[in-house]
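Please look over the fold shown here and walk through its packing and charge pairs. A short report follows.

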Amino acid sequence: MASELGSHQDVAEEGEEQLPLSSSYSLPPDSCCQKISDAISGTSKEDVRRRRFEQHLLPTLQMGGSFELLNCHRSCETTGGFLSGMSSMFSKAERKSSDMVWVQISSDLASLEWQTLAKKKGSPLREGVLQLDTLSAVTPGNNTKTVRLRSTQGEILIEMDAESVEDCGKWIYALREATNVLENEFKRSKAKKQGSRRLEGKWLEMQRKKAAADAYKKKIGSTGMSYTARLMMERGGN
């Protein structure tokens, strides 16, 4: 992941405009005191990168932002039903039917969550999740405000327009950095989900065995009661 995205994806997909990060967004430099502190303590480049990400970029991802969702792969939508995945089939001529959405990083820092601003009975009309470890490219789209996220298979997972060119540049920078510095969070999230699936599987197996045992007890209990009643009747007759 880091090797694919660490160079800020200097090679764009065919037909895509490559957005030079130096001209769109750049992090403010560290203070002289911070640089001296890093030099004295021997802080690694990786730790410096992580600190600068947490200081300047992570708050933006956690607070979230408003985007116009232009395209969404069905794997990134959890709404279900007829609307699920339909946005990934929209042509450019159908962008008028796109949705305004709120996008932010998840609490475990492992995925990007989105939901429509429009709601029905308190719930968003559409919503979805994109696992950040499935990204292979974060690039600009066909205009200066479009953020395009691609999968490791080269498919467009999400394409969305930011509110401004500045916001677009910062989100592209932030998401690229996130895929590099949050690898430990990705691993923890994946391990937690695997553990949850194992526990769920064990619970289901226990419920299956309990149901089978209850059914057997009920069958034996019914047979036992019939035999006891018959025996008492025979003794009473004697």
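Is S66 buried or exposed? The model is predicted, and in this model S66 has a relative accessibility of 13%. Buried means under 20%, so S66 counts as buried. The residue sits in strand 1, which covers residues 65–72. Beyond its neighbours within four places in sequence, S66 is in contact with M100, V101, W102, L117, D161 and E163.

**Overall fold**

The protein chain has seven helices and nine strands. Of its 238 residues, 36% are buried. The accessible surface comes to about 14,600 Å². Carbon and sulfur atoms hold 56% of that surface. Among contacts with a separation of 6 or more, 60% join residues 24 or more positions apart.

**The nonpolar core**

Which residues touch the most other members of the largest nonpolar core? They are L130, V147, L149, I158 and L175, in a core of 37 residues. Several elements each supply at least two residues of this core, including helix 5, strand 1, strand 2 (99–105) and strand 3 (111–116). Strand 7 (135–140), strand 8 (146–151), strand 9 (156–161) and helix 6 are also among them. Helix 6 gives the most, with eight residues.

L130 shows how one core member is placed. Leaving out residues up to four places away in sequence, L130 touches C76, S111, L112, L135, L149, L157 and I158. Two of these partners, L149 and I158, are also named among the core residues that touch the most other members.

**Aromatic pairs**

How many aromatic pairs does the structure hold? The count comes to two. The rings of Y25 and Y173 have centres 5.5 Å apart and planes at 80 degrees, so this pair is edge-to-face. Y25 lies in the loop between helix 2 (21–24) and helix 3, while Y173 lies in helix 6. They are 148 residues apart, and the pair links distant parts of the chain. Y25 is buried, at 17% relative accessibility. Y173 is buried too, with a relative accessible area of 13%.

F67 and W171 form an edge-to-face pair, 5.0 Å centre to centre with 85 degrees between the planes. This pair also links distant parts of the chain: F67 is in strand 1, W171 is in helix 6, and 104 residues separate them. F67 is buried, with a relative accessible area of 1%. W171 is buried as well, at 4%.

**Helix 4 and its cover**

Helix 4 runs over residues 45–56, which makes 12 residues. From first C-alpha to last, the helix reaches 16 Å, close to the 16 Å expected at 1.5 Å a residue. Which residues of helix 4 are buried? They are V48, R51, R52, F53 and H56. An α-helix has 3.6 residues a turn, so residues three or four places apart point the same way. The cover over the buried residues of helix 4 includes helix 3 (32–41), helix 5 (58–63) and helix 6 (165–181).

**Salt bridges**

Side chains of opposite charge can pair when their charged atoms come close. The structure holds eight salt bridges.

| Pair | Distance | Places |
|---|---|---|
| D38 and R51 | 3.1 Å | helix 3 and helix 4 |
| R49 and E177 | 2.7 Å | helix 4 and helix 6 |
| R126 and D99 | 2.6 Å | loop between strand 5 and strand 6, and strand 2 |

D38 is buried, with a relative accessible area of 12%. Both D38 and R51 also belong to a network of salt bridges that links D30, D38, R51 and R52.

R49 and E177 are 128 residues apart, and this bridge links distant parts of the chain. How do the two partners sit? R49 is partly exposed, at 28%, whereas E177 is buried, at 4%.

R126 and D99 are 27 residues apart. R126 counts as buried at 7% relative accessibility, while D99 counts as partly exposed at 22%.

Technical notes. Residues numbered from 1 in each chain as written. Predicted model: local features only at pLDDT ≥ 70, side-chain atom pairs only at ≥ 80, totals over all residues. Heavy atoms only, no water. Helix = DSSP H or I, 4+ residues; strand = E, 2+ residues; numbered from the N terminus. Buried < 20%, exposed > 50% of the residue type's maximum accessible area, 1.4 Å probe, protein only. Contact = heavy atoms within 4.5 Å. Areas by Shrake-Rupley, 256 points an atom, 1.4 Å probe, with all protein chains shown as cover. Expected span 1.5 Å × (residues − 1). Phe/Tyr/Trp six-rings, centres within 6.5 Å; stacked < 30°, edge-to-face > 60°. Core = buried A, V, L, I, M, F, W, Y, C linked by side-chain atoms within 4.5 Å. Salt bridge = Lys/Arg side-chain N within 4 Å of Asp/Glu carboxyl O.
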